[in-house]
Amino acid sequence: MDAINDFFLAFSSFLWGWPMIILLLGTHIFLTIRLRFPQRKILKAIKLSLKKDKNATGDVSQFGALATALAATIGTGNIIGVATAIALGGPGAVLWCWLTGVFGISTKYAEGLLAVKYRVKTRRGRMLGGPMYALEKGLGWKWLAILFAIFAALASFGIGSTVQANAISSLVENQYGISPYITGAIVTILGAAVILGGVKTISNVCGMLVPFMALFYVIGCIYILFVNHAYLLPALKVILESAFTTKAAGGGFAGSTLMMAARYGIARGLFSNESGLGSAPIVAAAAQTRNPVRQALVSSTGTFWDTVIICALTGLVITSSIIAYPDIDYHNGAALTKAAFSKIPYIGAPLLTFGLATFAFSTTLGWSYYGERCVEYLKGKKWMLCYRMLYIASIFAGSVISLGLVWNIADCMNALMAIPNLVSLLCLSGIIVHETRKYLWRDRLDRDMEENEIEELEEIEKIQPQMEEVHPKK
């Protein structure tokens with residue numbers, strides 16, 4: 001097992017090294033320029049995310065699709081990931097993480113557009129989409145679509161269930177001494193109650209949970225920054241200076257190179273917001289939307305909230321706390337967040353506990369949908385119930401076992417699923433520009449896409465009609 005773990009650790013380090021960082025960030029910048037900086041439309045996108053296209057075709061509302069995507073995206077990476085970036089790359093990593101989110105808005109926009117553009121409709125009216133359909137229908141590369149679906153399905157058991165469940169059980173055990181078996185059983189039961197209800201139940205729960213948990217965490221961070229207000233400007237100064245210089249940062253920080261700050265800040269930012277990973281467009285395809293660009297704009301707000309807001313606040317809280325309390329050892333990324341938040345009386349520790357627990361649980365719900373759609377693409381509906389049961393079982397397993405190997409495998413699967421998705425984004429960038437010109441640049445966002453643009457998927461429904469009896473259409 002040690003040899004296997006060492007292999008996946010080395011493979012993960014290679015995959016998430018500079019080649020992947022350059023590929024992902026390069027795609028972000030390329031799409032930002034080619035799409036004429038869609039970040040400037042973020043306020044319009046936020047307004048659209050709060051509206052409902054009542055007569056549009058789809059399974060869930062635009063906000064429901066966004067909430068599900070945010071549920072899967074806003075996870076432990078927003079808290080622990082930022083702390084790890086600071087520990088490994090210094091405070092300058094916070095700025096690089098933030099910049100990655102700003103440019104990643106374009107990639108998330110492009111993913112959402114292709115998801116709706118190439119989605120298919122089953123005979124029962126369900127919408128299916130994601131990078132696998134864009135690769136197959138847009139480029140004709142079925143083999144690459146299959147590879148993406150395999151990697152994403154496998155990744156769901158890692159970053160989606162076991163890793164998140166372990167984060168919850170470990171946190172509760174450390175804070176309150178409750179057995180991981182008890183925590184695991186509770187989380188598994190709650191997860192099963194939502195996951196077995198299907199996409200509409202997942203969407204409804206995420207639609208209620210995500211705004212509440214994110215708002216609570218943001219308000220808590222703002223309160224901590226108010227308590228640390230005397231150190232807020234020094235924190236901003238040290239973040240900016242250490243992002244571009246190699247001199248010692250001061251305030252308890254050791255010096256770190258620009259390359260280290262950039263590498264870890266960009267890597268953690270990419271890992272946190274999942275722009276380019278190919279996960280979020282799977283649920284974007286199910287949205288009730290008039291045309292691909294409307295949902296693309298809504299999807300792009302996910303990266304804005306995840307990285308530009310939440311990761312930035314976490315970075316400021318940790319950096320200002322380290323400056324305010326020089327006794328904090330910032331070299332241990334895993335313990336850094338706890339040490340920084342615990343310095344704030346009354347609210348610090350409870351805020352961290354609530355944030356990690358709700359963020360991790362919501363990620364479990366969102367990724368269950370991603371994995372399920374990938375399994376359906378590979379094997380049809382007959383495997384969906386089997387996948388759900390295995391996924392639910394993995395939640396409990398993750399709560400009670402050591403996950404060093406699982407973490408490394410999950411990191412590898414995430415990188416491997418990103419590669420086919422980035423291929424589709426780059427190769428279909430002309431289509432993305434065409435659709436953007438058609439609806440956004442010509443100010444036709446209220447225009448409906450033509451019905452014949454959505455292909456009806458007959459094959460899966462014909463092969464697996466018996467599953468409709470298990471989950472009949474209401």
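Residues are numbered from 1 along each chain as its sequence is written, and side-chain values use heavy atoms, leaving out hydrogens and water. Because the model is predicted, local features need pLDDT of at least 70 and side-chain atom pairs count only at pLDDT 80 or more, while totals for chains, interfaces and linings use all residues.

**Exercise 1. Get your bearings: how many helices and strands are there in the chain, and what percentage of the residues is buried?**

Step 1. Go through the secondary structure, taking helices (H or I, at least four residues) and strands (E, at least two) as DSSP runs, numbered from the N terminus. You end up with 20 helices and three strands.

Step 2. Now turn to accessibility, where buried means under 20% relative accessible area, exposed over 50%, and partly exposed in between (1.4 Å probe, protein chains only). Of the 474 residues in the chain, 60% are buried.

Step 3. Finish with contacts (heavy atoms within 4.5 Å). Take those with a separation of 6 or more: 85% of them join residues 24 or more positions apart.

**Exercise 2. Classify the ring pair F212 and F216: which kind is it, and why?**

Step 1. Recall the rule: rings of Phe, Tyr and Trp (its six-membered ring) pair if their centres lie within 6.5 Å, and planes under 30 degrees apart count as stacked, over 60 as edge-to-face and the rest as tilted. The structure holds 13 such aromatic pairs.

Step 2. Apply it here: the centres of the F212 and F216 rings are 6.3 Å apart and the planes stand at 35 degrees, so this pair is tilted.

Elsewhere, ring pairs tie F7, F8 and F11 into a cluster.

**Exercise 3. Work out how helix α17 meets α9 and α8.**

Step 1. Two packed helices are described by the angle between their axes and the distance between the axes. The axes are lines fitted to C-alpha atoms, for helices over the stretch in contact, with angles running from 0 to 180 degrees between N-to-C directions.

Step 2. Start with α9 (residues 180-195) and α17 (residues 384-400): their axes come within 8 Å and cross at roughly 160 degrees. Angles under 35 degrees count as roughly parallel, over 145 as roughly antiparallel, 65 to 115 as roughly perpendicular and the rest as oblique. α9 and α17 are therefore roughly antiparallel.

Step 3. Assign the hand. A crossing is left-handed if the near helix is turned anticlockwise from the far one by less than a right angle, and right-handed if clockwise. The α9 and α17 crossing is right-handed.

Step 4. Look at who touches whom: among the α9 residues in this contact are P180, Y181 and G184, and α17 brings residues including R388, Y391 and I392.

Step 5. Repeat for α8 (residues 142-176): its axis and that of α17 come within 7 Å and cross at roughly 35 degrees. This crossing is right-handed. Contact residues include S156, F157 and G160 of α8 and Y387, L390 and Y391 of α17.

**Exercise 4. Describe R36: where is it found, and which ring does its charged end sit over?**

Step 1. Locate R36: it is in the loop between α2 and α3 (42-49). At 47% relative accessibility, R36 is partly exposed.

Step 2. Look at the backbone. Most residues other than glycine have a negative phi. R36 has a positive phi, near 60 degrees.

Step 3. The charged end of R36 sits over the W441 ring, 3.7 Å from its centre.

**Exercise 5. Is G104 buried or exposed, and which residues does G104 touch?**

Step 1. Find G104 in helix α6 (residues 92-117).

Step 2. Read off its accessibility: G104 is buried, with a relative accessible area of 0%.

Step 3. List its contacts, not counting residues up to four places away in sequence: G104 touches H28, S275 and T303.

Definitions and conventions:
A charge sits over a ring if NZ of Lys or CZ of Arg is within 6 Å of the ring centre and within 35 degrees of the ring normal.
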